[in-house]
Amino acid sequence: MNIRAVRVEDLAGMQDCNLHNLPENYTMKYCSRLSPHFIQTAKIDRIPRPDLYHALSLAFTFAKMEEQEEPEGQPATNHVPHGHVTSISVMRSYRRLGLAKKLMLQSQEAMSSIYRAAFVSLHVRKSNRAALSLYRDTLGFTVNNIEEKYYADGEDAYAMQLTFEH
């Protein structure tokens, strides 16, 4: 499997991967507007689709550095640089091959070493036992709190965080 950085022409295939796998979806407008802010956003290979004008992504992650937003006219605060994983998706037939772990580790390495992030955060559905196991048991994330009705369908989310050691 080839992990590489995302290019603009990949966004349609990544959106298909997202639509196939996740109940929450991001519009093309959202992805293309935010894509310059995603750091080390990675994807894994593509499957040519003759019925589509693009290839289907096998897996991807959107990871970004959170920006400090100050109200206009307000002094800057002590912002701690940190990353956030917005989305990760692996096509069902390619799960349990370690792809999600590889994508997460690649993103974490970039956040820690290149951007000097203090930590990375993410949200995961309370019902998503496989993802919770990956984040908590394999990658070392801890649950900070539960955000009630975080998702559009009303499901709660675990707000998780992994602190980097520099």
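M104 touches V85, I88, L122, Y135, L139 and F141, where residues up to four places away in sequence are not counted and a contact means heavy atoms within 4.5 Å. The model is a predicted one, in which local features need pLDDT of at least 70 and side-chain atom pairs count only at pLDDT 80 or more, whereas totals for chains, interfaces and linings use all residues. Residues are numbered from 1 along each chain as its sequence is written, and side-chain values use heavy atoms, with hydrogens and water left out.

M104 is also among the residues with the most contacts inside the largest nonpolar core, together with M111, L122, V124, Y135, F141 and M160, and this core has 24 residues. A nonpolar core is here a set of buried Ala, Val, Leu, Ile, Met, Phe, Trp, Tyr and Cys residues joined through side-chain atoms within 4.5 Å; buried means under 20% relative accessible area, exposed means over 50%, and partly exposed lies in between (1.4 Å probe, protein chains only). Two or more residues are given to this core by each of β3 (56-65), β4 (82-90), α3 (99-114), β5 (119-125), α4 (129-138) and β7 (157-163), the helices (H or I, at least four residues) and strands (E, at least two) being DSSP runs numbered from the N terminus.

In α4, the buried residues are A131, L132, L134 and Y135. They cover an arc of only 160° around the axis, taken from the directions from the helix axis to the C-beta atoms, and therefore lie on the same side of α4. This buried set packs against β4, α3, β5 and β7, while R129 and A130 are exposed on the other side of the helix. Just after α4, G140 takes a positive phi of about 90°.

Aromatic rings of Phe, Tyr and Trp (its six-membered ring) pair if their centres lie within 6.5 Å, with planes under 30 degrees apart counted as stacked, over 60 as edge-to-face and the rest as tilted; by this rule there are two aromatic pairs. The rings of Y150 and Y151 have centres 4.9 Å apart and planes at 85°, so this pair is edge-to-face. Y150 is partly exposed, at 37% relative accessibility, whereas Y151 is buried, at 11%. The charged end of R125 sits over the ring of Y151, 4.2 Å from its centre, a description that requires NZ of Lys or CZ of Arg to be within 6 Å of the ring centre and within 35 degrees of the ring normal.
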